[in-house]
Amino acid sequence: MAAAGPSVFLLMVNGQVESAQFPEYDDLYCKYCFVYGQDWAPTAGLEEGISQITSKSQDTRQALVWNFPIDVTFKSTNPYGWPQIVLSVYGPDVFGNDVVRGYGAVHVPFSPGRHKRTIPMFVPESTSKLQKFTSWFMGRRPEYTDPKVVAQGEGREGLCYSPLQCGDQGHEEAGL
């Protein structure tokens, strides 16, 4: 009798990155990607994407609305390394260069059904006044070469973040 292979389960993620609140900025776009453990594999759909540029709404909320669809299916043999979605928001600075306006991550919900998540956003900060001046002068703010580091604990030791990291910097709403 042949030995049975490991049993697998599927996780289907259907939803959208709905909107964001970035009071100080306009004309922003969003990128998403997934971070997951080594036993996980995407089987269908896109595991990363980029939205259109959106402007603030004209109502009192001044929301940036994307309604950016997400549809991906993963398979795994165990729940260790449960997928997280990483969001990066970009927009123009005063020189017209695209710079990061926020990073955030959240685990895909563990239970089936309709879920709404508000994701706090943050930006990395330069660690010295000289680096701050140089980055402002050159028009290049600190940003991650790989935004997936946001969902991982390793490699972030000693990094300095904006003091507005979980409140006034901004947040996004994702319906997953």
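In this predicted model, Y29 and Y90 are both buried. The structure holds 11 aromatic pairs, and Y29 and Y90 form one that is stacked, because the ring centres lie 5.6 Å apart and the planes meet at 20°, where an angle under 30 degrees counts as stacked. Y29 belongs to strand β2 (residues 29-35) and Y90 to strand β6 (residues 84-92), so that the pair links distant parts of the chain, 61 residues apart. The ring of Y90 also has a charged group over it: the charged end of K31 sits 4.9 Å from the ring centre.

β2 and β6 run in the antiparallel sense, with 7 bridges between them, and V35 stands opposite Q84 of β6. β6 also pairs with β7, again in the antiparallel sense, over 9 bridges. P92 has D98 in β7 as its bridge partner. β6 and β7 form a hairpin in which 5 residues lie between the strands. In the turn of this hairpin, G96 has a positive phi of about 85°. Strand β6 is mostly covered, with 8 of its 9 residues buried.

A further aromatic pair involves strand β7. The ring centres of Y103 and Y144 are 4.9 Å apart and the planes are at 50°, so this pair is tilted. Y103 lies in β7 (residues 98-107), whereas Y144 lies in the loop between α1 (129-138) and β10 (160-161); the pair therefore ties together parts that are 41 residues apart in sequence. Y103 counts as buried because its relative accessibility is 0%. Y144, at 13% relative accessibility, also counts as buried, since the limit for this class is under 20%.

The loop between α1 and β10 also contains P147. Leaving aside residues up to four places away in sequence, P147 touches V86, S88 and Y103. The C-alpha atoms of P147 and V86 are separated by 7.3 Å, although the two residues are 61 residues apart along the chain. Y103 is thus a contact of P147 as well as the ring partner of Y144.

Aromatic residues are also found in a group. One aromatic cluster is formed by F9, Y32, F34, Y36, W40, F68, F74, W82 and F110.

With regard to charged side chains, a search of the whole structure finds 1 salt bridge. The side chains of K116 and E18 meet in it, with an N to O distance of 3.5 Å. K116 is in strand β8 (residues 116-120) and E18 is in strand β1 (residues 9-21), and the pair links distant parts of the chain, 98 residues apart.

Methods. Residues numbered from 1 in each chain as written. Predicted model: local features only at pLDDT ≥ 70, side-chain atom pairs only at ≥ 80, totals over all residues. Heavy atoms only, no water. Phe/Tyr/Trp six-rings, centres within 6.5 Å; stacked < 30°, edge-to-face > 60°. Helix = DSSP H or I, 4+ residues; strand = E, 2+ residues; numbered from the N terminus. Buried < 20%, exposed > 50% of the residue type's maximum accessible area, 1.4 Å probe, protein only. Lys NZ or Arg CZ within 6 Å of the ring centre and 35° of its normal. Pairing = 2+ DSSP bridges. Salt bridge = Lys/Arg side-chain N within 4 Å of Asp/Glu carboxyl O. Contact = heavy atoms within 4.5 Å.
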